[in-house]
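Biologist: Before I rely on any label given to this model, I would like to see each one set beside its definition. Could you take me through them in turn?

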Protein chains: 2
Amino acid sequence: MDMEAKDYVKVPAPELKLFAAKLLEKYHVPPSHAEIVSDILVAADLRGVESHGMARLYDYYLFRLEKGYMNPKPNLSMKKNFGATFLLDGDNGLGHVACHMAMEKCIELAKKYGVGMGGVKNSNHFGIAGYYSMMALQEGMIGICVSNSQPLVMPTYAKKRLLGTNPISLAFPAGESRPFVLDMATSVVPKGKIDVHKRKELTVPREWGADNLGLPTDDPGKILEGGGLFPLGGPAETAGYKGYGLSAAVDILSGVLTGSSFLAGVLNATQRPEPCGVGHFVTAMHVDAFMDLEEFKGRMDQFVEELRTAPLAEGCDHIYIAGEKEFARWEENMKEGVPVHKKVWTQLLGLCSQHGFTPPETVSS
Amino acid sequence: MDMEAKDYVKVPAPELKLFAAKLLEKYHVPPSHAEIVSDILVAADLRGVESHGMARLYDYYLFRLEKGYMNPKPNLSMKKNFGATFLLDGDNGLGHVACHMAMEKCIELAKKYGVGMGGVKNSNHFGIAGYYSMMALQEGMIGICVSNSQPLVMPTYAKKRLLGTNPISLAFPAGESRPFVLDMATSVVPKGKIDVHKRKELTVPREWGADNLGLPTDDPGKILEGGGLFPLGGPAETAGYKGYGLSAAVDILSGVLTGSSFLAGVLNATQRPEPCGVGHFVTAMHVDAFMDLEEFKGRMDQFVEELRTAPLAEGCDHIYIAGEKEFARWEENMKEGVPVHKKVWTQLLGLCSQHGFTPPETVSS
């Protein structure tokens, strides 16, 4: 969606969280689960990843719960647990709950073994990958999270969408500086960015996606209708096969290795009654197992400082560190309220009246 | 280098290996270490990664050993060993020996804990990352290897080379199909590809690199002289910040976390007497900890089959799986001999006569 102030209401984060949790409970999600999911959804909006926050609450989650496509009370069970590793069955519940539990288990294992690593199968869309990798930070750990997702990306030289935008997130603690938090889709851009360009009748760079023949195009309509996104790197000439390789590796870890679905087997959350079959893979690493945490944090600060003070390219005024923009947005939104698109807000207000409860006040409407 | 048959001699792989090992021993590398290094060097040439094989034997390794810049008999010592994790000190020896030992340790730990993970500090250039990730395959494991390297890549919005082409490799076993082996630099292209274009007086795509102002250029000369490579994705518009983020994450794992050098602190192997300060980070994961190995292999075959049989993009005749081209090259080179560029061969023959031993016969010269 476009970010124009007039199209948004702003809601204080704590109220928005309570509101989302209350709604989830109306769809039979247990309070402890609803609290986790709402925290993750609002974290996405706080960080400025609007596409993964409240905008999806109904379409991706409540709708599927309502229809019985997704299990509101999953029996999350350990299928394997060997040494520092495990496999968790998400029982077709909310992806957030399963992946949150998996990362907690990783952290527990990392305390004992230096590293903890686990897969999640039979899960669903889980919001932003960065939330789970960042869970490790407060424990003095490094967090890693990857997940597969519905096919939107064409492998190099193919004209069929077979790979998801399969995100990769790594989070590293730092000292004076903000943590380094990489949270990226393995496509050049997310589908939402193509949508925006189409709505505004703009062309897109030919490295973003392909038409229905698998050829680069600058027409966002052709990418959306019958075409697909390019993996990171774009077409083969600019090394799109590397993004394809990374995305495939994410799918193997999340889908093949966990026993979940993979490639075209991962289903779209908004269209089909069958379980989506999403899989996740998470890791926590105890910094202290490798280096004294305080020393590591000091070295991270040096690392960030060296990047930040590098000579600027012509016409540029700032070198960014992974996660920096999102932390700035977080702070702003914590202070001024979380922007929710009016279309989304109207949808949510409708649910409020349907379920007979009062929505939170917006900051200034 | 350009791949034109007339510029190459071919040497049978076993003889080439013995030859490289013999040369390394002349520079006081112990026989057991020389065997490891020569196997890794020849593996690079066998897989068609010419830039990381015999072409570097003198410039990157023998030269530094000769000058006393690198330690031929390192005392490889475990600095930390906690649960399933460890930190190894490479003692400024050959990177191959240290990383090989680290991956062996990971495999041993993964047998016990499902996963083994370790860092290497005070190391040197180690050849191809894919060699180490592939070590896990024969044990029914998944291997991961990353390393930092001398700065060649400009972070997004900077005009200084601060990041290496920091490779990422992941290797997954399969059944009937070849293993899936991703082995990629986190830059769009390696520096060698820019060299070739300059020599041939060709322009390059503007996504490959920047000039000395940090701006995209199609002139390979400007990239080489004062400019730098773009991270995977190219400039910001085509999501180069993702490649920058991945490369930085590799540097944090390999350099910051291990206590090795990072960013501009990693030195060029061919120019400076000081230790290069390269760091590596490796992981082995026991497939059986997550899923029965045979089942996993069958699922990998399905995964590969689904990619391979996808509808082809217009004008394309084959969808590749990561590592496929390299396995084909390996087979060809095992049969017909390993191509060594005549310039490199001449250099090596010179060393033979200097040290008074007979070089191997070439296949057909």
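Modeller: Chain A can be laid on chain B with an RMSD of 0.0 Å by a turn of 180° and a shift of 0.0 Å along the axis, where copies are superposed by least squares on the C-alpha atoms of residues with pLDDT of at least 70 in both. The two copies are thus related as by a two-fold rotation axis. This is a predicted model, in which local features need pLDDT of at least 70 and side-chain atom pairs count only at pLDDT 80 or more, while totals for chains, interfaces and linings use all residues. Residues are numbered from 1 along each chain as its sequence is written, and chains are lettered from A and ligands numbered from 1 in the order in which they are written.

Biologist: Which residue of chain A comes closest to the rotation axis?

Modeller: That is Gly233(A), whose C-alpha comes to 2.2 Å from the axis.

Biologist: How do you know what confidence the predictor has in chain A?

Modeller: pLDDT is the predictor's confidence in each residue, from 0 to 100; the mean for chain A is 96, and 99% of its residues reach 70 or more. The model as a whole scores ipTM 0.98 and pTM 0.98.

Biologist: How many residues of chain A are in contact with chain B, and what makes a pair count as a contact?

Modeller: Two residues are in contact if their C-beta atoms, placed from the backbone, lie within 7 Å, and by that rule 69 residues of chain A are in contact with 69 residues of chain B. Helix 8 of chain A gives the most to this side, with 7 residues; helices (H or I, at least four residues) and strands (E, at least two) are DSSP runs, numbered from the N terminus. By class, the side of chain A that touches chain B holds 47 nonpolar, 12 polar and 10 charged residues, where Ala, Val, Leu, Ile, Met, Phe, Trp, Tyr, Cys and Pro count as nonpolar, Asp, Glu, Lys and Arg as charged, and the others, Gly among them, as polar.

Biologist: Why is it said that the copies meet through the same surface?

Modeller: Because 100% of the interface residues of chain A are also interface residues in chain B, the copies meet through the same surface.

Biologist: What makes helix 8 of chain B largely enclosed by the rest of the structure?

Modeller: A residue is buried if 20 or more other C-beta atoms, placed from the backbone, lie within 10 Å of its own, exposed if 12 or fewer, and partly exposed in between. In helix 8 of chain B, 17 of the 17 residues are buried, so this helix is largely enclosed.

Biologist: How do you know whether Glu201(B) is buried or exposed?

Modeller: Glu201(B) has 8 C-beta neighbours inside 10 Å, so Glu201(B) counts as exposed. Its phi is near 55°, again positive in a residue other than glycine, and Glu201(B) is found in the loop between helix 6 (191-199) and strand 8 (209-210) of chain B.
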